[in-house]
Amino acid sequence: MSTPAGYQPPSVTVATALPKRRVDSSVLIVPVVAAGSDDDAKARVLANPYLDAEAVGEIEVALEALGAKGSSEQVTRVVAPSLPVSSVLAVGLGKDRESWSAETIRRAAGVAARSLTGVETVFTTLSDLDLEAAVEGLILGAYRFTEFRSAKSAPKDPGLRKITALAPDTKSATKETAARAEAIATAVATARDFVNTPPSHLFPAEFAKRAKALGEASGLEVEVLDEKTLAKDGYGGVVGVGKGSSRPPRLVRLTHKGGKGKKPKKVALVGKGITFDTGGISIKPAANMHHMTSDMGGAAAVIATVVLAARQQLPIDVIATVPMAENMPSATAQRPGDVLTQYGGITVEVLNTDAEGRLVLADAIVRACEDGPDYLIETSTLTGAQTVALGARTPGVMGSEEFRDRVAEISQGVGENGWAMPLPEELKDDLKSTVADLANVSGSRYAGMLVAGTYLREFVADGVQWAHIDIAAPAYNSSGPWGYTPKGGTGVPTRTMFAVLEDICENG
């Protein structure tokens, strides 16, 4: 599923035991716990059926010699001569307890994978605790984006190429669990590749080209609308935002038809694809503007999700509508005070050209609702206010109350931690315009995320269960790496949206 020249994920196999012969340049990743008091804790190997007493003793003696405590996500590499691997990497889970969450295992696996260099093959017993989480964490922790590095700075090793997850059996159900985890992690990596590709190389036409290639390779129906068709068909938001760029906008539609029966469940996905956002005439400050390469993070996740739905053969219809534009200042750019007509006829006074995401999303929402979906999930790097309200790692989820809460709960369950946010009715008054049906921003600096959500709600068709996931900060990690999350594109909220699709398949 990887984009051309992007991250090539390692292969995953399941085994019931370590190999009998030594595997050179290989590492065994084992979970350890902190035994004893906090001041005098010692790392102890978590009991598992894959290591005998001799191997456990070797590992624990070596860990004690190095002062390893088994604290959460602490990694320590040692040698165990009795084992058929070059070395052992112990990753801490913290205090021993009966069970650990999937996110704990996922993050431990990610930390372990990030700590390895020059290692192509790993075996792990983390999979004995949670096979799916261990595989996801290892693949995502091993992720790296090297497309634009020359021989001078590119990694000298190929990275992690093979994962063997130790499990009680190799039955088809176990293999399917591992394969599903591999597919999900690969989809997240695809979204990361898109976000990490610089805007010099990922502009609307190229983004559409890559989305089309991925879609067609996965059996999706693909439709691409160019700037002439967008103008003719009345996509005023997409056209307006793209007017200032020499690289014209696009709108991509990707359709997975997996539903059965006369009225199959239908889910619409919409993702903001601003390939670079200067703010337009309402230009952003120069500091950190380069992070706006991530302003198409919502589109990246939506494309990855619909492709994953097709490859996993989900028994529902999923239709992605993805607007793509570059928001630039120029003599042809839209101005503060201009009025545009959104797809469907609502007129909007553009008071701030840096509030462009809601303009392209509104067009896409109206078009998506014409398909008659039961559910609409849309996502974008919508507002800086999301970061102010919820921080760098917590997406805000707005929408129809019941579906909003369902999406937020599922997001928390998969470790992407979406948080439900309200849409107070009084905020609609802040979007009144003196010359048009709506203004694209309010005159207040308060509740910016909720105001944007209120704007989008105006374009959702009656009867459609709707949720918007604001990933302004979570889409791009501008600080240091943590858990299975590297610096740069994160792939959020791909796992949330796919889990919601699976939940709809199961529960309607």
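Lys284 sits in the loop that runs between β11 (273–277) and α8 (297–311), and in this predicted model the residue is partly exposed, with a relative accessible area of 21%. UniProt, in an unreviewed entry, places the feature "active site" at Lys284 and at Arg358. Once the neighbours within four places in sequence are left aside, Lys284 is in contact with Asp277, Thr278, Gly279, Met289, Met292 and Asp354.

Apart from neighbours within four places in sequence, the contacts of Arg358 are Gln342, Leu382, Thr383, Asn440, Val441, Ala452, Tyr455 and Leu456.

One of the partners of Lys284, namely Asp277, leads on to a further annotation. For "binding site", again in an unreviewed entry, UniProt lists Lys272, Asp277, Asp295 and Glu356. These residues are spread over 85 residues of sequence, yet they cluster in space, with a largest C-alpha distance of 11.5 Å. Asp277 itself is found in strand β11 and is buried, its relative accessible area being 2%.

At the level of the whole chain, the domain assignment gives domain 1 (11–167) and domain 2 (188–208 + 239–248 + 264–507). The contact between them takes 15 residues from domain 1 and 17 residues from domain 2, and the domain centres, taken over C-alpha atoms, are separated by 37 Å.

Both domains also take part in the second largest pocket, whose lining draws at least three residues from each of domain 1 and domain 2. This pocket has a volume of about 610 Å³ and is lined by 30 residues, of which Ala142, Tyr143, Arg144, Phe145 and Pro486 lie nearest its centre. Among the secondary-structure elements, α2 (102–115) and α4 (172–196) each supply at least two residues of the lining. Sorted by class, the lining of the second largest pocket has 13 nonpolar, 12 polar and five charged residues.

How values were computed: Residues numbered from 1 in each chain as written. Predicted model: local features only at pLDDT ≥ 70, side-chain atom pairs only at ≥ 80, totals over all residues. Heavy atoms only, no water. 1 Å grid on protein atoms, 1.4 Å probe; cavity = no way out; pocket = protein on both sides within 12 Å on 5 of 7 lines; lining within 4 Å. Points joined across faces, edges and corners; volume = space filled by probe spheres on them. Helix = DSSP H or I, 4+ residues; strand = E, 2+ residues; numbered from the N terminus. Nonpolar A, V, L, I, M, F, W, Y, C, P; charged D, E, K, R; others polar. Domains from an automatic or database assignment. UniProt positions renumbered as here; feature names shortened; annotations may be inferred. Buried < 20%, exposed > 50% of the residue type's maximum accessible area, 1.4 Å probe, protein only. Contact = heavy atoms within 4.5 Å.
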